[in-house]
Amino acid sequence: MTASAQQAVLDAHYMARALELARRGHYTTHPNPRVGCVIVRDGQIVGEGWHIRAGEPHAEVHALRAAGDNARGATAYVTLEPCSHHGRTPPCADALVNAGVARVVAAMQDPNPEVAGRGLQRLAQAGIATESGVLEGEARTLNEGFLKRMEHGLPFVRVKLAMSLDGRTAMESGESQWITGPAARSAVQRLRAQASVVLTGADTVLADNARLTVRADELGLDAEQTALVMSRPPLRVLVDGRLRVPLDAAFFKAGPALVATCMAVEEQYANGPECMIVAGDDGQVDLHRLLVELANRGVNEVLVEAGPRLAGAFARQGLVDEFQIFIAGKFLGSSARPLLDWPLAQMKDAPQLKITEIRAVGDDWRVIAVPVPPASV
């Protein structure tokens, strides 16, 4: 094996460790990306770090503190290009320069317009060898919400659905608890925890008296991770075009919430939840505009947990990046409610999905599927 090939293997090895560290911020870094850093000198890891939450030191700073003087002449592996601008914390590129590292390997460039290659440029100008693109695919997957917001001005939208084997979500009466078992419900709690926003509709809140909060006892995480999760609950957003949900509903009593509506805000909302008027031309809440507004607020990931009408609206309008469908081993019958409200007349109208994962979750199954753009079908 050539020296360059050996170096490529080592770079991938240490970047994999940096990605592992970055995943520790899976639930807490919003609106920032999840980032990990490993500092290596003479074939030994001398410092590690990961970004925990916005406003606190970035991964590089934690790793440099752990490395101390050993950072001089070392290689720093970072899952995202070091920042070059002053935000809530100083530039990490400057910290790496001041520490005297000899080489910086980034998994990918930062699409944030305030960075966008300038971090690596700053390092190169200081005489530090730089490289980018090591395990870039894994790095992009880790921060798909942050990247979509930076590159397209929209959050990553994940729709969670639970159904029976015959594709039904609730009995005709609306009864739906519980289709799936405890393991699946725990997985859903973790989906809520990782989201910037958990979004639902008036029908779900009125029918189920839903709160859509993260329940610590169902997360299935260790004590440290649970404490981190509960320190950063996702914003709950209610799509309620006609303000049908009363202010004394459990949803509003459970904590801060944002209401997306078409209505002029009534007087009683003056001391109630924040309202955003996003009326579309059809008299319904403009979901695309709502997503743009959420992205403008720094929202990276939206988890939609709604009934067939709202979930169907997201799907029909092409606003879904990923479906997570939990399937229970039971039938609910032909009169039960469908998965999505999405009438299709012909087979050629059926949208194509690519199934990326099928996995058992307790006694149930989880299917992850992503829409296939029409041009590639």
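The following exercises, with worked solutions, concern a predicted model of a protein chain.

**Exercise 1. Overall form**

Determine how the radius of gyration of the protein chain agrees with that of a compact globule.

*Solution.* 
Step 1. The protein chain has 377 residues, and for a compact globule of that length the radius of gyration would be near 21 Å.
Step 2. The value for the protein chain is 23 Å, which agrees.
Step 3. Taken along the principal axes, the C-alpha atoms fill a box of roughly 70 × 50 × 45 Å.
Step 4. Among contacts with a separation of 6 or more, 68% join residues 24 or more positions apart.

**Exercise 2. Surface and charge**

State what percentage of the residues count as buried, and describe the accessible surface and the charged side chains.

*Solution.* 
Step 1. Of the 377 residues, 49% count as buried.
Step 2. The accessible surface amounts to about 17,700 Å², and carbon and sulfur atoms contribute 50% of that area.
Step 3. There are 38 positive and 43 negative side chains; the centres of these two sets lie 1 Å apart.

**Exercise 3. Two glycines of an annotated site**

Classify Gly 307 and Gly 312 as buried, partly exposed or exposed, and locate each in the secondary structure.

*Solution.* 
Step 1. The UniProt record, an unreviewed entry, places the feature "binding site" at several positions, including Gly 307 and Gly 312. The annotated positions span 152 residues of sequence and are also spread in space, with up to 24.0 Å between C-alpha atoms.
Step 2. Gly 307 lies in the loop that joins strand S12 (301-304) to helix H12 (308-316), whereas Gly 312 belongs to helix H12.
Step 3. The relative accessible area of Gly 307 is 22%. Buried requires under 20% and exposed over 50%, so Gly 307 is partly exposed.
Step 4. Gly 312 has a relative accessible area of 0% and is therefore buried.
Step 5. Leaving aside residues up to four places away in sequence, Gly 307 touches Thr 204 and Gly 312. On that basis Gly 312 touches Gly 307, Leu 340 and Asp 341.

Key:
Residues numbered from 1 in each chain as written. Predicted model: local features only at pLDDT ≥ 70, side-chain atom pairs only at ≥ 80, totals over all residues. Heavy atoms only, no water. UniProt positions renumbered as here; feature names shortened; annotations may be inferred. Helix = DSSP H or I, 4+ residues; strand = E, 2+ residues; numbered from the N terminus. Buried < 20%, exposed > 50% of the residue type's maximum accessible area, 1.4 Å probe, protein only. Contact = heavy atoms within 4.5 Å. Rg over C-alpha atoms; globule rule 2.2 N^0.38 Å. Areas by Shrake-Rupley, 256 points an atom, 1.4 Å probe, with all protein chains shown as cover. Lys, Arg positive; Asp, Glu negative; His and termini not counted. Charge placed at Lys NZ, Arg CZ, Asp CG, Glu CD.
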